[in-house]
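These are my notebook entries on one protein model, written while I looked things up step by step. The sequence and the structure come first, and my notes follow.

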Amino acid sequence: MENPTQFVQWLRSVAPYIHAFRGKTFVVAFPGELVAAGALSVLAQDLSLLVALGIRVVIVYGSRPQVAEQLALRNVEGRFHNGIRITDTAALECAKEAAGELRLDIEAAFSQGLPNTPMAHASIRIISGNFVTARPLGVIDGVDLELTGITRKVDAERIHAILGTDSLVLLSPLGFSPTGEAFNLTMEDVAVSAAIALHADKIVFITETAMMLDEGGAEIRELSSHQAEAVLQAGFLATDSSFYLQHAIKACNSGVPRAHIVPFEMDGSALLELFTHDGVGTMISHENLESLRKATIEDVGGIIKLIEPLEADGTLVKRGRELIEREIDQFSVIEHDGVIFGCAALYPFPEEKMAEMACLTVNPEVQTQGDGERILRHMENRARAAGLKQLFVLTTRTSHWFQKRGFKPATVDALPKDRQRMYNWQRKSQVLVKSL
């Protein structure tokens, strides 16, 4: 191993996600283009890792290019209306053929067990069945879509029972009516319907589309569902990207907390999206993903993990769990998608109209994204709201950062009397004061 320290730091950085995701239900959907591109084997390894981490995974696959291939082999021309396939009897037979072949390929991919691969010692069971009830889509704009259908119901109870045995569930882009008819469905519709019925925690579309860009060419990393609707209405996205975004919005507005649209062209894109702060795709949520707020007792564990490395190297004074629990009302945290990435504490001295800001910490992964300044402004606002006029910090290593943000060097005599008595002369911390 070239850099053991880097590996340890990486493993520690993903631990909060592992804790947060254990026992959660993810619906992961991918198009037939992923299989055609030869990326199925790697994706199976990545999804097996999710199962090994205690995540309950439902897979939904698409088959558009495979259906087109089957139609071409039979010299049948494909017909579409508004991007949706018109499924006649011949097209349905092609859809069945494609879905069956893909199902076998997917099951084979999850049966890997070669040594020296991520699937070594894995025993993954993948179960498919008639879990999706469908109905005909009907006549749209005067066009009969024939055997093209839409999901009516997903058997959530049976799927949850299977997930409880640590097995994966596989859903095809086919559904069945109570009268025994088969209907050709879109992968996106099945995935969203399954996520809603299962009360899934995430729906992840691993797509053939590129990273979504705004009108200025900047990458779109995060959107609330309201922002996503505005992007959709603006009309600058490509058709395929719009289709995915439309279904992601539907999922979020129907109770799925997070939807992800992740290009599959990057190796391990699903893992990078789920286990890194910025991800490699676009995340949509019903509400704002990030919150800067006062801490609660449930945040103690996250605060400890955040400050422990800085306590170990002497940057921060050591604080035990009991002390943090007692002083939790003094803390504020910045939280992103359920993970704490920054914190600070405010200790008021009302007689002198002053407050100490302590323990300002930001996760090293996001230190260049302005979270430190946002926490600082938040703490300044807390101090102003309490009627305080000055904010001070004691630091041994970051005085320049504070001075750039309006703090002035001062002496220990400038501190409140009670704080002067607690000053640690061995640490010789620099005193910096800012008028509010």
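Leaving aside neighbours within four places in sequence, which residues is E188 in contact with? Before answering, I note that this is a predicted model, and that what I write below was computed from it.

**Entry 1: E188**

I looked up E188 and found that its contacts, once neighbours within four places in sequence are set aside, are R64, F205, F243, Y244 and H247. The residue sits in helix 7, which runs over residues 187-197.

**Entry 2: the whole protein**

I stepped back to take in the chain as a whole, and I recorded 15 helices and 23 strands in the protein. The C-alpha trace spans about 90 × 50 × 35 Å along its principal axes. Of the 436 residues, 47% count as buried, and the accessible surface comes to about 21,400 Å², with 51% of that surface belonging to carbon and sulfur atoms. When I considered contacts between residues at least 6 apart in sequence, I noted that 70% of them join residues at least 24 apart. I also looked at charge, where the mean position of the 42 positive charges and that of the 54 negative charges are 10 Å apart.

**Entry 3: S225**

Next I turned to S225, which is found in helix 8, the helix of residues 225-234. How much relative accessible area does S225 have? The value is 0%, so S225 is buried.

**Entry 4: the loop between helix 6 and strand 10**

I looked at two residues of one loop, D166 and S167. D166 lies between helix 6 (156-163) and strand 10 (168-171), and S167 is likewise found in the loop between helix 6 and strand 10. Is each of them buried or exposed? D166 is exposed at a relative accessible area of 59%, whereas S167 is buried at 9%. The cut-offs decide this, because exposed means over 50% and buried means under 20%. S167 touches V57, R125, I127 and I162, when residues up to four places away in sequence are not counted. The C-alpha atoms of S167 and S13 are separated by 27 Å, and the two residues are 154 apart along the chain.

**Entry 5: positive phi**

While I was at D166, I checked its backbone and noted a positive phi of about 65°, although D166 is not a glycine. H199 has its place in the loop between helix 7 (187-197) and strand 13 (202-207), and at 68% relative accessibility H199 counts as exposed.

I then looked up N363, in the loop between strand 20 (354-362) and helix 13 (371-385). N363 counts as buried, because its relative accessibility is 16%. Leaving aside its neighbours within four places in sequence, N363 is in contact with L306 and F341.

L436 comes in the segment after strand 23 (430-435). Its relative accessible area is 28%, so L436 is partly exposed. Among the residues that L436 touches, not counting those up to four places away in sequence, are E380, A383, R384 and L388. N381 is 55 residues from L436 in sequence and 8.8 Å from L436 in space, C-alpha to C-alpha.

**Entry 6: cavities**

Last, I asked how many cavities of 30 Å³ or more a search of the whole structure finds. The search finds two, and the largest cavity holds about 110 Å³ of space. This largest cavity is lined by 15 residues, and those that lie nearest its centre are E273, T276, H277, M283 and D337. Helix 1 (4-21) and helix 10 (269-275) each supply at least two residues of this lining.

Key. Residues are numbered from 1 along each chain as its sequence is written. This is a predicted model: local features need pLDDT of at least 70, side-chain atom pairs count only at pLDDT 80 or more; totals for chains, interfaces and linings use all residues. Side-chain values use heavy atoms; hydrogens and water are left out. Helices (H or I, at least four residues) and strands (E, at least two) are DSSP runs, numbered from the N terminus. Buried means under 20% relative accessible area, exposed over 50%, partly exposed in between (1.4 Å probe, protein chains only). Contact means heavy atoms within 4.5 Å. Accessible areas come from the Shrake-Rupley method with a 1.4 Å probe; for residues, only the protein chains shown count as cover. Lys and Arg count as positive and Asp and Glu as negative; His and the chain ends are not counted. The place of a charge is taken as NZ of Lys, CZ of Arg, CG of Asp or CD of Glu. On a 1 Å grid over the protein atoms alone, a cavity is a set of points where a 1.4 Å probe fits but cannot get out, and a pocket is an open set with protein on both sides within 12 Å along at least five of seven lines; lining residues have an atom within 4 Å of a point. Grid points are joined across faces, edges and corners, and a volume is the space filled by probe spheres set on the points.
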